[in-house]
Amino acid sequence: MSETGVSGRLPTDKGFDVLVIGGGITGAWTALDCTLRGLSTVLVEKADFGSATSMRSSRLLHGGIRYLQQLEFAKVRESSRERSFLTQSAPHLVEHIPFVVPTYPGIRQGRAFLYSGMLAYRALTLGTHAALTDPANRVPRDRGIKRQAIKDQGLIHDEAITGGRILYEAQVHSSERMTLGVIERACASGAIALNYAAMERYRITNNNVSGIWVRDLVNDEVGEIRSQIVINAAGPWCDHLNQSASLHPLNTGFARGAHIVTRALLDHYAVALPSAFQSDGVATRGHRHVFVIPWRNHSLIGTSYMESDQPSDSMVATEAEISQL
């Protein structure tokens, strides 16, 4: 177990204002936010910080355009604001990458439908970039690209395309580094962060959660950490932790998404290709997209999609997921 980056022990000799369970990006930002508000804060993580969902992503800070398909307009604005905040917080880890979204004959796959969606996205995200005081960090505006330009650059080899649009997304060079950077900032501001410290059960006092019992996985010691507020930021595993205290479930379902890494297929552009799988949105182009994204001199291809009844502890892509991609 480490405490603020050095070997430490369970802080059982004092109480805290806030205890955060889960050292992924959500738990990291929660701990930092609480600490900056003057609250004594401790964060516990059962493995390495950011070693689960937070390090297995498309490395993109989505600006919310995916929620436009579900007509979740508030979510679109929220996501755009959050992307701006994260970019402003860690500009050295973020760059804007152009995505080519091709158009095809027909209405839903055509240029007019895609362009109208981009106009709606611009309108919905208007004013959400106020956090980006440096113009160099702002997301470039979407633009059209002609069919011949797509073919000349070798981006998509499909005679059926009629053109496309270029949409810019923010890419994180290292999601692990961002997570660890947030935790280090929280510790520098007074928080305590413990990894290899696994929660065993909640501490219940007068029918209220007043902390947790935690096991130091390095020394195999168990102790209790007292806290006025306990925040469960364990992501897909939050319901598993809540079962011991008969707390209500938080998740309504689970889905696995896998990526594969290949040799570099593209240099400077990413592409969004329609797959054979139907999209579940309302205002969609009909098919779910698969992305081919340049990343560290390779290509990151994803994501697959498989629904599940339970979260999976296995972080290895299955044969079925690889086959789907």
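Glu 321 counts as buried, at 1% relative accessibility (buried means under 20% relative accessible area, exposed over 50%, and partly exposed in between, with a 1.4 Å probe and protein chains only). Glu 321 also forms a salt bridge with Arg 256, with the closest N and O atoms 2.7 Å apart (a salt bridge is a side-chain nitrogen of Lys or Arg within 4 Å of a carboxyl oxygen of Asp or Glu). This is a predicted model, where local features need pLDDT of at least 70 and side-chain atom pairs count only at pLDDT 80 or more, while totals for chains, interfaces and linings use all residues. Residues are numbered from 1 along each chain as its sequence is written, and side-chain values use heavy atoms, with hydrogens and water left out.

**Salt bridges**

- By the salt-bridge rule, the count comes to eleven.
- Glu 321 sits in helix H8 (residues 319-324) and Arg 256 in strand S13 (residues 254-256), so to speak distant parts of the chain, 65 residues apart (helices, H or I with at least four residues, and strands, E with at least two, are DSSP runs numbered from the N terminus).
- Arg 256 counts as partly exposed, at 23% relative accessibility.
- Glu 176 pairs up with Arg 59 in another salt bridge, the closest N and O atoms being 3.4 Å apart.
- Because Glu 176 lies in helix H6 (residues 175-188) and Arg 59 in the loop between S4 and strand S5 (60-61), this pair ties together parts that are 117 residues apart in sequence.
- Arg 59 is buried, with a relative accessible area of 9%, whereas Glu 176 is partly exposed at 27%.
- Arg 122, Asp 142 and Arg 165 are linked in a network of salt bridges.

- Strand S3 (residues 15-21) pairs with S4 in the parallel sense over four bridges (two strands pair if DSSP finds at least two bridges between them).
- S4 and strand S9 (residues 192-195) pair in the parallel sense over four bridges, and Ala 193 in S9 is the bridge partner of Leu 43.

- The peptide bond from Gly 302 to Thr 303 is cis, with omega near 5°.
- Asn 297 has phi near 65°, a positive value in a residue other than glycine, and is exposed at 73% relative accessibility.
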